Each structure stands twice: as structure tokens, then as C-alpha cells.
Amino acid sequence: MSRTAEEIATQPACWRRAVEAAAAFDDLPKPGERVAVTGCGTSWFMAIAYATLREAAGLGETDAFASSEFPAGRTYDRVVAITRSGTTTEVLDLLNRLKGTVPTLALTADPKTPVMDAADSVAVLDWADEESVVQTRFATTAFAFLRAGLGHIPGLKTVQEAAVDAELAVTEPLPPTVVGAEQWTFLGRGWTYGLALEAALKMREAAGAWTESYPAMEYRHGPISITGPGRVAWMFGMLPDGLAEDVARVGGDLVARQELDPLADLIRAQRLAVALAESRGQDPDHPRNLTRSVILTPHPPQ
């Protein structure tokens, strides 16, 4: 078993620990605060999911930005940065630029990194750190930590209940038609769109696969043209009316485990990425063209 697969399997326990950590942490966003959430790559997609969920729950206006695209001049009550390594250049540059102007909180896996000084407050989720280049358990644990801090949201499972679903997601066999497909399109609505973005990224990172991701209601406005026999449309959360029929009409395979918490369903996509990489003779622990953290070399003064 690859190291990445081993880390994927630990997520139920990591999420449960995240619930305990969130309950004891004082600097999570408060109800009514105007919040921005930021990160790069996977962390940005988790930021999108959290921001959408928080605002939809009525807890305050919440935006999400890639750290390199954070808008200047906007005012927030708190900025939350997600950075597994604590060394990502764009995140550190942003936190340093914001210092003294707005309270900042960073979520990281490594307490021996520059983010400890760059942010006003830091939640260290070191039990969810990873050896793998491709993020899996840290990203979902960071999201579980933030989600637990939102309290009970009507119509949504608790993080503890999501962890029960995750125990199934780490063990149940993946459908052969999904593993053997040539193309995958991941879909979501509301906060699960961030998960769809992340699922597609995992497939590209680990296996170099042809994947796309869209808001579910946008799928029929063009992207459905790529679906057909041997290709998969994978929905996170509840299916929009008529979508199953549309996928069937064009000959695609639909994946929609609506009884699973969408975060647990993301585990199944992570496992698919590893399985696909291995079936292609690739090493998911050492994906091509990637490093654990993007650290940019500053340009010398002109």
C-alpha cells in the first residue's frame, strides 16, 4: 500500500480529533463576522467549501480567494489561511501584508514553520500532517475543524456523523466502471462545489487523469457534451432534478452517493485517484511535476 493510501485511511480518526480541537480553540470565526478564507491549491478549494457553507448557514458574509488573488482594499473582521506546510510563499506574503490591519488565523500541520510568526493565531493540526506530496487527510481535517466550529447546521450531518460515513468510504470497493473510465467530471452544489474542484485536482495530481469540475447546474450548459460511454459524472451531495436522466441519455455513468456525507464521498475520489495512478504504473507518493510546498525565489532588486 502506498503511503498516500495509508494516510487516506486515517481520516475518520483525524476528523474526530478535529472536533475536539475545535471545541477547545477560541479564535475561530464568530457568528456575524465578515470573514475571508484563503489558501493555494487544495487549501483554496477547502476555503471555497468552508466559505460557502458558513455563509449559507447564516453565520456571516464569507469570501474565499486564492492567496495570490486576494483583493486589496476589502475589509474583513477576520482572515483565515489554510497552509499545510506553513511555508507557501503566497500565503506568507499575504499574511505579512495583512499584519496589523485585520486579525488573522492560520491552520497548519507544522509548528516549526514561518506561518507561526506570520499569523496572529495558529491552529496546529499536526496529527493530520502527511508525508505525501498530494494532500488528502490534512485538507479534509482542516475543513472538518472549521466545519465543527460552525455548530449544528440544520439538514447537514455533524462532523462526528460524517466520520462514521468516512469509515465506510475508506473500505468499500469502488465500482469497476468508475475505475475503468477514461474521463471523470465532478459536480457539486453550494459548499460541495469546492469538494468537486478538489476531487478533480486529486485525479490530476496523483494520476495525470482527464478530469473536470463544475457547479452541478452549470453542467448542462455545455460541459455535458464531454460525457458519454466510458465517462463518469460524479455528484457530491444531492442530485439536481433531471440530472440522472441527462447523464443516462448521453450514455455516461453517474456516481451519486447521496446518503453519504459529501466530505466522506471525497475520500472515495481520493482512493480512485490512487487506484488509477497505480493501474497506470505511476507512484502516487511521488507525483510528477509537484513538490510538497511551492516556495518561490524572490526576484533580486533591479
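Modeller: Let us begin with a helix pair: Thr192, Leu195, Glu198, Ala199, Lys202, Met203, Ala206 and Ala207 of α9 are in contact with Pro262, Leu263, Leu266, Ala269, Gln270, Leu272, Ala273, Leu276 and Ala277 of α11. Contact means heavy atoms within 4.5 Å, and helices are DSSP runs (H or I, at least four residues) numbered from the N terminus, as are strands (E, at least two). By class, this contact has 13 nonpolar, two polar and two charged residues; Ala, Val, Leu, Ile, Met, Phe, Trp, Tyr, Cys and Pro count as nonpolar, Asp, Glu, Lys and Arg as charged, and the others, Gly among them, as polar. The model is predicted: local features need pLDDT of at least 70 and side-chain atom pairs pLDDT 80 or more, while totals for chains, interfaces and linings use all residues. Residues are numbered from 1 along each chain as its sequence is written, and side-chain values use heavy atoms, without hydrogens and water.

Colleague: Why are α9 and α11 called roughly parallel?

Modeller: Their axes lie 8 Å apart and pack at an angle of about 15 degrees. The axes are lines fitted to C-alpha atoms, for helices over the stretch in contact, and the angle runs from 0 to 180 degrees between N-to-C directions. Angles under 35 degrees count as roughly parallel, over 145 as roughly antiparallel, 65 to 115 as roughly perpendicular and the rest as oblique. Therefore α9 and α11 are roughly parallel.

Colleague: What makes α3 roughly antiparallel to α9?

Modeller: The axes of α3 (residues 42-56) and α9 (residues 192-207) come within 8 Å and cross at roughly 165 degrees. This makes α3 roughly antiparallel to α9. Here the contact involves Thr42, Phe45, Met46, Ile48 and Ala49 of α3, with Gly194, Leu195, Leu197, Glu198, Leu201, Lys202 and Glu205 of α9. These residues divide into seven nonpolar, two polar and three charged.

Colleague: Why is Ser43 called buried?

Modeller: Ser43 has a relative accessible area of 3%, so it is buried; the term means under 20%, with exposed over 50% and partly exposed in between (1.4 Å probe, protein chains only). Ser43 lies in α3 and touches Ile82, Thr83, Arg84 and Gln135, leaving aside neighbours within four places in sequence.

Colleague: What makes Leu53 buried?

Modeller: Its relative accessibility is 5%, so Leu53 counts as buried. Leu53, also in α3, is in contact with Phe143, Arg147, Leu150, Ile153, Leu156 and Trp191, not counting residues up to four places away in sequence.

Colleague: How do you know whether Thr104 is buried or exposed?

Modeller: Thr104 stands at 3% relative accessibility and therefore counts as buried. Thr104 belongs to strand β4 (residues 104-108). Among its contacts beyond four places in sequence are Val79, Leu95, Leu98 and Asp120. Leu95 and Leu98 are themselves among the buried residues of helix α4 (residues 89-98), and the elements covering the buried residues of α4 include β4.

Colleague: Why is Cys40 called partly exposed?

Modeller: At 24% relative accessibility, Cys40 falls in the partly exposed class. Cys14, in contrast, has 4% and is therefore buried.

Colleague: How many disulfides does the whole structure have?

Modeller: A search of the whole structure finds zero, a disulfide being a pair of cysteine sulfur atoms within 2.5 Å.
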